[in-house]
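Open the model in your viewer and show it as a cartoon.

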Amino acid sequence: MKIWGLNKPGLDMALLLTNVRYGDNVKFAREPQYKRTHWIISLKTEDAMKVGSRRSKKKISNSACWHVHRDFYENIFKINPLARVSTFTADYKGEGAFRHKFTATGEKDLGNGLLMKDACNCVDF
Ligand SMILES: [Zn+2]
């Protein structure tokens with residue numbers, strides 16, 4: 001994802017706040033890179049068996065799940081409501097756009113009726 005409107009301490013804070021719910025299992029996949037105007041970031045989990053990890057019927061992975069991304073974006077907009085987050089599926093220019101558009105991304109069918117929001121081991125998030 002790409003993020004505008006936060007500095008590095010802000011990103012670290014967003015991750016820290018996100019990890020309250022995921023037992024410190026969420027990490028930056030690599031050190032965030034700053035490119036002129038924005039950050040390039042991806043999230044992963046340290047332990048694929050623990051909460052926040054993406055999974056399908058056949059595969060468990062270290063990719064961060066939909067809920068992790070939701071909470072991370074939530075925390076970004078908590079720090080700066082005017083921040084911008086751009087992903088493969090959506091471009092959230094500010095908190096209002098995020099609130100308006102994000103829920104629908106969870107309904108994406110990943111195949112065999114498995115929805116994005118269900119492709120993990122989170123319970124009742
Ligand atoms: Zn999840």
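Start at the N terminus and follow the cartoon: the elements run β-α-β-β-β-β-β-β-α-β-β-α. That comes to three helices and nine strands. Helices here are DSSP runs of H or I with at least four residues, strands are runs of E with at least two, and both are numbered from the N terminus. This is a predicted model, in which local features need pLDDT of at least 70 and side-chain atom pairs count only at pLDDT 80 or more, while totals for chains, interfaces and linings use all residues. Residues are numbered from 1 along each chain as its sequence is written.

**Whole chain**

Zoom out to the C-alpha trace, which spans about 40 × 30 × 25 Å along its principal axes. Of the 125 residues, 27% count as buried, meaning that 20 or more other C-beta atoms, placed from the backbone, lie within 10 Å of the residue's own. Two residues are in contact if their C-beta atoms, placed from the backbone, lie within 7 Å. Among contacts between residues at least 6 apart in sequence, 53% join residues at least 24 apart.

**Ile3**

Select Ile3, in strand 1 (residues 2-4). Is Ile3 buried or exposed? Ile3 counts as buried because it has 24 C-beta neighbours inside 10 Å.

**The largest nonpolar core**

Keep Ile3 and select Tyr73, Ile76 and Val85: of the 23 residues in the largest nonpolar core, these four touch the most other members. Such a core is a set of buried Ala, Val, Leu, Ile, Met, Phe, Trp, Tyr and Cys residues joined through C-beta atoms within 7 Å. Helix 1 (8-22) and helix 2 (66-79) are the elements that give two or more residues to this core. Helix 2 supplies the largest share, six residues.

**Helix 1 and helix 2**

Select both helices. They pack at an angle of about 135°, with their axes 9 Å apart. The axes are lines fitted to C-alpha atoms over the stretch in contact, and angles run from 0 to 180 degrees between N-to-C directions. Helix 1 is therefore oblique to helix 2, as angles under 35 degrees count as roughly parallel, over 145 as roughly antiparallel, 65 to 115 as roughly perpendicular and the rest as oblique. To see the contact, show side chains including Gly10, Met13 and Ala14 of helix 1 and Val68, Asp71 and Phe72 of helix 2.

Conventions: Buried ≥ 20, exposed ≤ 12 C-beta atoms within 10 Å, placed from the backbone.
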